[in-house]
Amino acid sequence: MKTLDNAAPFPKGFKLNVTRVIKAPVDLVFRAWTEPEQLRQWFSPDEVECRNLTADIKTGGAFRIHMVSKKGDHIAIGKYLEIIPNKRLQFSWSWENYAMPDSIVTIELEDLGSSTRLTLRHEGLPDQEDAEQHTEGWTEIVEKCVKRFEEQQLTT
Amino acid sequence: MVKCSSRLLDDTFSALADPTRRRILEDLAGGDRCVTDLARPYAMSLPAVSKHLRVLERAGLIRRRRCGRLHSLKLEAEPMKQAAEWIEEYRRFWEASLDRLDDYLKQLQARPKL
């Protein structure tokens, strides 16, 4: 699985949403994200090794996650912006090796009893139009354009 | 990190940062258009639309063709595909991390309570 091979500067106005229902109560999910000993155990996908993880879990606290894939080292860094127990975790995200503006990751948790709905939003810093017009992220448009273009290719 | 494709992506992302340009690209995804037809829905002057078109052309997202007196515009898929790939990489990264979270919590809950 290709991951993080083309880490490019995070574009403004970019929004990516991932939603998942996790079969665990909300407090367990929250703690998995906010206890460094737990984070170390699960963070980062299979083909990426999490070599070192430090996190100071408090508003303004910093984290550093050293990941290694076949393509090399990827060190994610950031600061915690907002921590609301069992509800919300927000942190900035950028890559230590590359000079780039921060992006923001927001995790919202919804208590569903024995399960939790987790919504992860990864967005670039808002651009001017975004802030003024609350336009939707443009990921959907890119995906739509590529899809329609490919459909066209099939019919010509 | 592949430097040159990063610059291409930068141009693509700058082009996409504007809502009018996004709508123009969506329109062109439905097929080639001539400039006047494309500009019609927008409450802005033709020169203003042309300015957006030039940004899109410079980013390689659209191509202009002259058919007699008409200029027709065509969506170029390659930069969009690169942007889509880039988005997909991040999506896969987060999805895979959440897969791991799911597995981890499943195992955690399966452990006998002390």
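**Reading the two chains**

Author: We may begin with chain B, which has 5 helices and 3 strands. Helices (H or I, at least four residues) and strands (E, at least two) are DSSP runs, numbered from the N terminus. This is a predicted model, in which local features need pLDDT of at least 70, side-chain atom pairs count only at pLDDT 80 or more, and totals for chains, interfaces and linings use all residues. Residues are numbered from 1 along each chain as its sequence is written, while chains are lettered from A and ligands numbered from 1 in the order in which they are written.

Reader: What pattern does chain B follow, read along the sequence?

Author: The pattern of chain B along the sequence is α-α-β-α-α-β-β-α.

Reader: How does the radius of gyration of chain B stand against that of a compact globule of 114 residues?

Author: The radius of gyration is taken over C-alpha atoms, and the globule rule is 2.2 Å times the number of residues to the power 0.38. For a compact globule of 114 residues the radius would be near 13 Å, but that of chain B is 21 Å. The C-alpha trace of chain B spans about 80 × 30 × 20 Å along its principal axes.

Reader: What percentage of the residues of chain B count as buried?

Author: A residue is buried if 20 or more other C-beta atoms lie within 10 Å of its own, exposed if 12 or fewer, and partly exposed in between; the C-beta atoms are placed from the backbone. In chain B, 27% of the 114 residues count as buried.

Reader: Which residues of helix α2 of chain B are buried?

Author: In α2(B), residues 19-29, the buried ones are B:R21, B:R22, B:I24, B:L25, B:L28 and B:A29. They lie on the same side of α2(B), because they cover an arc of only 160° around the axis. The arc is that of the directions from the helix axis to the C-beta atoms. Just after α2(B), B:G31 takes a positive phi of about 140°.

Reader: What is the strand order in the sheet of chain B?

Author: Strands of a sheet pair through backbone hydrogen bonds, either parallel or antiparallel. Two strands are taken to pair if DSSP finds at least two bridges between them. In chain B an open sheet of 3 strands has the order β1-β3-β2, with antiparallel pairing. At the edges stand β1 (33-34) and β2 (62-67) of chain B, each with a single partner strand, so one side of each is left without a neighbour in the sheet. The helix α2(B) packs on this sheet, touching β1, β2 and β3 of chain B, and its direction makes about 90° with that of β3(B). Axes here are lines fitted to C-alpha atoms, for helices over the stretch in contact, and angles run from 0 to 180 degrees between N-to-C directions. Two residues are in contact if their C-beta atoms, placed from the backbone, lie within 7 Å.

Reader: How many bridges join β2(B) to β3(B)?

Author: The antiparallel strands β2(B) and β3(B), the latter comprising residues 70-75, are joined by 6 bridges. In this pairing, B:R64 stands opposite B:L73 in β3(B).

Reader: Into which domains is chain A divided?

Author: Domain bounds come from an automatic or database domain assignment. Chain A is divided into domain 1 (15-125) and domain 2 (128-156). The centres of these two domains of chain A, taken over C-alpha atoms, are separated by 27 Å.

Reader: How many residues lie between β3(A) and β4(A) in their hairpin?

Author: The hairpin of β3(A) and β4(A) has 2 residues between the strands. Antiparallel pairing joins β3 (residues 62-69) to β4 (residues 72-84) of chain A through 8 bridges, and A:F63 has A:G78 in β4(A) as its bridge partner. Next, β4(A) pairs with β5 (residues 88-95) of chain A in the antiparallel sense over 6 bridges. Here A:A76 stands opposite A:W95, and A:Y80 is opposite A:F91.

Reader: Which residues does A:V18 touch?

Author: Not counting residues up to four places away in sequence, A:V18 touches A:L120, B:R91, B:W94, B:E95 and B:L98. A:V18 lies in β1 (residues 15-22) of chain A.
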